[in-house]
Amino acid sequence: MTGRRRICTAAFPNTNRMGLLDQWLWRQEHWLPPGITWEDMEGQEGAQYPRPRDLFVTLPLALGFIALRYVFERVVALPLGRQLGVRDRTRVRPRPVPQLQAFYTHHSHHPSQSEILSLSKQCDLTQRQVETWFRHRRNQDRPSNTRKFCEACWRFAFYLVAFTAGLACLIDAPWFWDQRECWRGYPQQPVSKSHYWYYLTELGFYWSLLLCVSVDVKRKDFKEQVIHHIATLSLLGFSYCANYIRIGTLVMLVHDSSDFLLESAKMFNYAGWRKTCDALFVVFAVVFLVTRLVVFPCKVINTTLFLSMDVFEPFFGYYFFNALLLVLQALHIFWAWLILRMVYKFLFQGKVERDERSDEESEVGEGEEEEEEKDEEEVCHWEKSNGTFNPKLAILTNNCVLKNLTNQSSSTTSRMPKAR
């Protein structure tokens, strides 16, 4: 029995049913350089080498991360958000209209003009009232600041721990300082316990992100994020089986170095700490641009494209691995363009209005934001005119007073109390 069949049998117990995978997927010509066989990858006794069956460990790890996230968001993130002052915006609830609710649930959240006209006749409402109802209904489904803060807090915690642990286990590695070491002795390169768990933990975390992508906050770069997760999982999975562990650890470290800064900026943004958010965003932008547009192409991609050719000739895995790296680099350029727009706004307008990279939900337009603010002002005026003051609307009320102050004459303003 060949080494290739032994590895396939270890990964897939029922080899009779997996004959196609044995004959095509696990062909050594796909995974290994010319002249290298699966027997060569078995290594020596006493040393641990990557095996394809190890990837099955990432699935329970992903489920564990999902459970841990559920506990973390409720035990750690939620109390922390309250301490930092995270507040949810009060949104106007639409009045009950069964016909409109049925259309919203079963047809579309954004009816066309002809559908609005038809619905207005069915419900005996004006077109403006129908449009307002759908806008208010969509706003009810928008994620709250608390939910977005908890999600950002969870990712911040993981990326910070992953970057710290990755740096600790790579700082003494020879390929961290000299990328030529990534290919010295390839493919007979044993894997240490720290690098083994660093690799599989990252794989498990990205599996958890992909499994939760349908329930997480959907942002304007939703499709790019899905492509990023799939490319990352394919890249890490293939690199593990082909024993590209050394270059793979560098890829993960480069990505984690800036991700925790972005998530921390989001956290303070949701908490209303504008100056802290802006400062963290500037630091994130610098780190992102340096690591993703300089370090990643000049060190990582250059190593896999050119330096590896000193050790082996191109094969299928070489082209597949580098194609995935180039997909990631294309996404880096896309996000860098969005970040540079943010930096431009910060430098010339004095503030960061939006997170152009991924912080704004894809279904929310600027027009809806303005309309929602007007609706909230109306609610605020109604509360004040009835002589009531709900503590949950304190911040909203203060904002309304501030807007009213700017619209009054100077004589009237001088007689009104100063808004906080």
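This is a predicted model: local features need pLDDT of at least 70, side-chain atom pairs count only at pLDDT 80 or more; totals for chains, interfaces and linings use all residues.
Residues are numbered from 1 along each chain as its sequence is written, and side-chain values use heavy atoms, with hydrogens and water left out.

I then noted the surface. The chain's accessible surface is about 22,100 Å², and carbon and sulfur atoms hold 59% of that (Shrake-Rupley method, 1.4 Å probe; for residues, only the protein chains shown count as cover).

For secondary structure I found 17 helices and zero strands (DSSP runs numbered from the N terminus: helices are H or I of at least four residues, strands E of at least two).

I checked contacts (heavy atoms within 4.5 Å). Among those between residues at least 6 apart in sequence, 78% join residues at least 24 apart.

I consulted the unreviewed UniProt entry, which annotates "transmembrane region" at residues 156-176, 196-215, 276-296 and 316-340. Its positions follow the numbering used here, feature names are shortened, and annotations may be inferred rather than shown by experiment. I find residues 156-176 to be 86% helix and 0% strand, with end C-alpha atoms 24 Å apart. Residues 276-296 are 100% helix and 0% strand, and their end C-alpha atoms lie 28 Å apart.

Last, I looked at serine 264, in helix α12 (residues 245-271). Serine 264 counts as buried because its relative accessibility is 7%. Beyond its neighbours within four places in sequence, serine 264 contacts Phe156 and Leu280.

Methods:
Buried means under 20% relative accessible area, exposed over 50%, partly exposed in between (1.4 Å probe, protein chains only).
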